[in-house]
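Work through the two exercises below with the sequence and the model open. Each task is followed by a solution in steps.

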Amino acid sequence: MASADGNDMTKLDRRTVLGGAALLAASGSGLLPGLSGYAQAQSSAPIKIGFQVHRTGIGAAYGRWYDRTTKAAAKLINDTGGINGRPIEIVAEDDGTDPKRGAEVIEKFATKHECDVAFGTLFSHVVIGSAPRAGELKLPYFVVSEGHHVASGMLNRYTLQPGITDVKSQVQSMAPWVADNLGKKVTMIYPDFAFGHDHRDYFSEAIERQGGNVISKIAIPPRETSFFKYLPKIPKETEVLYHVMVGPGVLTFVKEMGEYFGDKRPEIFGFIDSLEAVDITSPGLEFLEGSHFWEGYPRYAGPDQTEHDKFYRAAVGVDNNGASLSDPKDVSTYAHMFGCWETLHILKAGMEAADYKGPKDRQALIEAVENMDVFPESRAHPQGSKLFNGRTHQAFAHQHISKVEGGKLVPVHKTSIFDTYYEDEVDYTKMSF
Amino acid sequence: MGAFLRGCALFVSILAFPAPALAHASDSGIKLLLPTGYYLVGGTLAVAATVLIAASMPARWATALFRSHTLWSGTLPRIEIVTSLLGAVVLAALIYAGFIGTHDPLENPLPLTVWTFWWVALPLLCAVSGNLWALINPWLGILTLLDAKGFLPLPKHIGYMPATLLFLAFAWFELVSLSPEDPEGLAWTVSAYALFTFIAAVLFGWEAWSERGECFSVFFRFISRLAPLQISRENGGVIVRIGFPGFQVLHGTAITVSGALFILLALATVSFDGLSKTFPWLGLIGVNPLQFPGRSGVALPNTFGLVWAWAVLASAFFACVIAGRWLGRESDAPMVGRLALTILPISLAYHASHYLTVLLVNGQYLRATMQRMVGLDETQVTTSFLNTHEDVERIWQAQSGAIVIGHILAILLAHASILAITQSTGEATRRGAPLAILMVGYTAFGLWLLAAPTGA
């Protein structure tokens, strides 16, 4: 595993290390051109991967980049010998960012398109609406959703999230660095519904473990588009302001926060989700200069850029600022879309480990992935090494904190993977197929 | 049991669980930073000022404005049979692509052509160059070849109701149904409508059915009356006339009450499409705007909403027309058929401003698909203009400009339409006052709609 994980390695058990070594061999071999070719395959029929994608609806902006990343990953896999010597075919279906449509799409994958697996979607409500159908149809369903619903135990044995961490991990892993570097007295501003409540609960708990505490919790009604009346509620002794505002009001929130605080402000920490695909140099965002953000994967390539990141950006068509090579103003959803790339490579590794030949091997594929422990940093995993918990079907990975400097997000901290870990809430391996 | 569990899971997913923080800022967020309030006030005042200017200018100015000039007259071959046959071939190929092509609606040529070219762009083209749908519709050519002229009369008393009901069904399909862009589903829908229209045209004749039954022939014909160019066949020849946009509204034949209902439905549809995404509407139907559940979660309220929007708009319009008639002193000639046509510029303006971003984004997907089909390298789609301040400002200016210009033209047309009957500026102002107030109000509503925060 990469040197950055040196501390982590000492905490891993033997099974993890052995699993990691085996996986390293498996994922490495598949990526070396010429080692396996379609000619060696028993069948050259493509492996069909149903790609459930937000082409329309509120997730369409993310769907566009999930689509680009998926196509790039599929091309790489096919150019390097496919899976078990067979090419892969991406069968894209629009889920409309709708749970009912999502379930329909899963059914089409299983019964009409005869896909081997389903993969891809992002919004939690679509995953939650689709997963039961995938379970009924016994179709492996690999999601890239970052929701906690997989590891919380509310889904089923056929639904896995091995390519991206969930929001619970993301939030709690921020607490140690925030407490040590920004302050221990935190005020949280969050939208007053389940998403904001999750942040409130996960972070409150995590910061208390670091000796800090949330001194004020300011819940903003979701329909609010002006925030001036809430800002005076921020206690004067606040050292860190943690904001997770989402929706069209985000830019207004930042602007009003700037007008309210002026030069005298607490440290500010937020989640990049609300500014995904938005140029940080956009007018109105000047106030964010000097503030910090969580990033799943740093948008801007820094001096420590790995060869894997360089390779990944080139394959997807993204420059060192996280924008499209064809339009430098077209900023990608860089903090999330890597999950598609990595999940497809995990599918490849899983199918090769299970010697997957067709739908009858779907259970073997699930078991093979459940038995995986480590995804080493590589071209297949450019975001970094990951630990996978087969019991909860959830991956855990390094998270990043970046500081806005000169209109760019400059990475200042990479968490340990163990900062993202939490107790198992389910053991899917005990569920029957 | 499985279906029950599925239903429960769906219910739970919609009501209780959060989407991740993915509803990021976009053009809606940037618009909240623009001084849209000034535009709203300024645009509304500009339309209101037009009412005052129209009331104070000599009657002959208004009629002169919409005078047409003959540009050319002569004979032209009847190309519409050939172009219609070509249209039928293209439609068949598109339906085939819908059935067997990629399932991605942004890569399959059927949904891109239907929704982006035909529904979004073609009305705008027709408003410039005249009724292109009359040339490329897929039925005229085949029906002519088959010499199918119909053998049943389409009852006069039902007026435009067949077209109106079909347009309502189309509006529901576009705005409320779960996946109108799904290539295969769309292929079935288009096939069914094409066959239905063919049968109706065989029964009633293409002339009658396209006049009052085939809703898109009706829609495109109405919208085309805004074109500055008119190409008409008269006495065996062709006459090309040119005039100020809307002159064909003024000089063409008036329509019936059911025709007025059709025009009002077209405007209500695009208005409701905008309204249904705003925070206030989502609040009204109990949906968290930061956690939009998807189309399936709002199908019922939006079905009612669509009909409600039509009913409210139609009620307001007819109330204004009746009030105007009551205010008139010199003439009580019915004017519904004339005044309904003056709504058309507003309808076109809403269409242009509402669909502008769809055209800019999905137009790129259409271009990429065409490039792919002819073996060229695809141009990568970008949406950066929805996330940069200056581009969003330009888009907003174009949208709000269209709304204001559309309403100004509507005010002038309404005034000139009444003048054409009453010949008196004072009478025209009195009779047109209630409708003018409605149009000024609709300007403000349209600008508010464009600027409102959206969550769907």
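The model is predicted, so local features need pLDDT of at least 70 and side-chain atom pairs count only at pLDDT 80 or more, while totals for chains, interfaces and linings use all residues. Residues are numbered from 1 along each chain as its sequence is written, and chains are lettered from A and ligands numbered from 1 in the order in which they are written.

**Exercise 1.** Determine the strand order of the open seven-stranded sheet in chain A and state which strands stand at its edges.

*Solution.* 
Step 1. Take helices (H or I, at least four residues) and strands (E, at least two) as DSSP runs numbered from the N terminus; two strands pair if DSSP finds at least two bridges between them.
Step 2. The order in chain A is 7-6-8-9-10-16-17, and the pairing is mixed.
Step 3. Strand 7 (213-220) and strand 17 (408-414) of chain A are the edges: each has a single partner strand, so one side of each lacks a neighbour in the sheet.
Step 4. Within the sheet, strand 8 (residues 240-243) and strand 9 (residues 267-271) of chain A run parallel and are joined by four bridges. His243(A) is opposite Gly270(A) of strand 9 of chain A.

**Exercise 2.** Describe the side of chain B that touches chain A.

*Solution.* 
Step 1. Count contacts (C-beta atoms, placed from the backbone, within 7 Å): 56 residues of chain B meet 67 residues of chain A.
Step 2. Helix 1 (2-15), helix 2 (27-31) and helix 15 (279-284) of chain B each supply at least two residues of this side. Helix 1 of chain B gives the largest share, eight residues.
Step 3. By class, this side of chain B has 28 nonpolar (Ala, Val, Leu, Ile, Met, Phe, Trp, Tyr, Cys and Pro), five charged (Asp, Glu, Lys and Arg) and 23 polar residues (the others, Gly among them).

Terms used: Two residues are in contact if their C-beta atoms, placed from the backbone, lie within 7 Å.
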